[in-house]
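Morning, everyone. I have one model to walk through today, and I will keep it brisk. Here it is.

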Amino acid sequence: MKRLTPSAWIGELRHLLPAASSDFSASAVARWHAHAGATCPRCGAFFVSGPGPHPSPCGLCAAAPPPFDAARSLFAYAGDVRAAIVAAKYAARPYPVDAVALRLREILAERWRDLIPDGSPPTVVPVPVHPWKYFRRGFNLPALIASHLSRHLGLPFDPLALSRTRERVPQAGLSGILRHENVAGAFRVPRGRKVPRAVLLLDDVFTSGATAEACARALKSAGVDSIVVVTVARAVP
């Protein structure tokens, strides 16, 4: 596996960081354009054309269905959406957590309402980060968003349902195959912890699906029946 030197990582981060003048206010978030095109009903992949949901899964899901039941992403990982996430993670800038959670609540109540069946409310579970990364940053962005989203939806929130047991290298910059290898077996449900029947797994970015799949495998191995993955953004080619 290719490993970047510290100086190379610094160079990559300098390239990624947004301009200090970027507007991440609540009013700006309200203007971010949500993806309105067709998506794969299973993994949530953005299709090139066509409105709304697509009746058939994408080729990858048809050949090898992922361990989660469905995945959806609100925005494309580009422009101000991407800049806000990168700025929060790597430049310690405040993230518009509540404004983004409200956008997620709106779409879950409307276009994605079938993801939360009546009578079977899921528990909102954030994708965890490795402890050393948490202490370095002082926060876990998916957990912050998940906490606000659970309150807005009136759903239970369990930030400790999953733990990250190891981290080889950061996922950023890795190819799809290496991403899957990097997180294989990296998540677990703590021993003796009672898991809910249904989980809404919240993450900030869906890239290759490697992290979502690794989390889903851990949750289903522990007894979770249904897992819906919701991310703020999705990386697109």
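Pro 65 sits in the loop between α3 (59–63) and β3 (70–76). Helices here are DSSP runs of H or I with at least four residues, strands are runs of E with at least two, and both are numbered from the N terminus. Pro 65 and Arg 42 are 23 residues apart along the chain, and their C-alpha atoms are separated by 7.7 Å. Leaving out residues up to four places away in sequence, Pro 65 touches Arg 42 and Leu 60. Touching, or contact, means heavy atoms within 4.5 Å.

A word on the ground rules. This is a predicted model: local features need pLDDT of at least 70, side-chain atom pairs count only at pLDDT 80 or more, and totals for chains, interfaces and linings use all residues. Residues are numbered from 1 along each chain as its sequence is written, and side-chain values use heavy atoms, with hydrogens and water left out.

Now the whole chain. It has nine helices and eight strands. Of its 237 residues, 47% count as buried. Buried means under 20% relative accessible area, exposed means over 50%, and partly exposed is in between, with a 1.4 Å probe and protein chains only. Take the contacts between residues at least 6 apart in sequence: 75% of them join residues at least 24 apart.

Next, a helix pair. Helix α5 covers residues 97–109, and helix α7 covers 141–153. Their axes come within 8 Å and cross at roughly 50°. The axes are lines fitted to C-alpha atoms, for helices over the stretch in contact, and the angles run from 0 to 180 degrees between N-to-C directions. How do we class the pair α5 and α7? They are oblique to each other. On this scale, under 35 degrees is roughly parallel, over 145 roughly antiparallel, 65 to 115 roughly perpendicular, and the rest oblique. The crossing of α5 and α7 is right-handed.

Who meets whom? From α5 come Val 97, Asp 98, Val 100, Ala 101, Leu 102, Leu 104, Arg 105 and Leu 108. From α7 come Leu 144, Ile 145, His 148, Leu 149, His 152 and Leu 153. By class, this contact has ten nonpolar, two polar and two charged residues. Nonpolar covers Ala, Val, Leu, Ile, Met, Phe, Trp, Tyr, Cys and Pro; charged covers Asp, Glu, Lys and Arg; the others, Gly among them, are polar.

On to strand β8, residues 226–234, where we find Thr 231. Thr 231 is buried, at 1% relative accessible area. Its side chain makes a polar contact of 2.6 Å with the side chain of Ser 73. A polar contact is a pair of N or O atoms within 3.5 Å; within protein, one must be able to donate a hydrogen and the other to accept it, and residues adjacent in sequence count only if both atoms are side-chain atoms. Beyond four places in sequence, the contacts of Thr 231 include Arg 72, Leu 104 and Phe 206.

Val 232 is also in β8. Is Val 232 buried or exposed? Buried, at 0% relative accessibility. Its C-alpha atom is 6.9 Å from that of Asp 203, 29 residues apart along the chain. Val 232 contacts residues including Val 100, Leu 104 and Ile 145, neighbours within four places set aside. Recall that Val 100 and Leu 104 belong to the α5 side of the helix contact, and Ile 145 to the α7 side.

Now Asn 140, in the loop between α6 (131–137) and α7. Asn 140 is buried, at 8% relative accessible area. A polar atom of its side chain lies 3.0 Å from the backbone oxygen of Val 127. Outside four places in sequence, Asn 140 is in contact with Val 127, Pro 128, Val 129 and Tyr 134.

Last, some alanines. Ala 92 is in the loop between α4 (79–91) and α5. Its phi is near 60°, a positive value in a residue other than glycine. Ala 92 counts as exposed, at 68% relative accessibility. Ala 34 is in the loop between α2 and β1 (37–39). At 27%, Ala 34 is partly exposed. Ala 34 and Phe 75 are 41 residues apart in sequence, yet 4.8 Å apart C-alpha to C-alpha.

That's my tour. Over to you.

How values were computed: Left-handed = near helix turned anticlockwise from the far one by under 90°.
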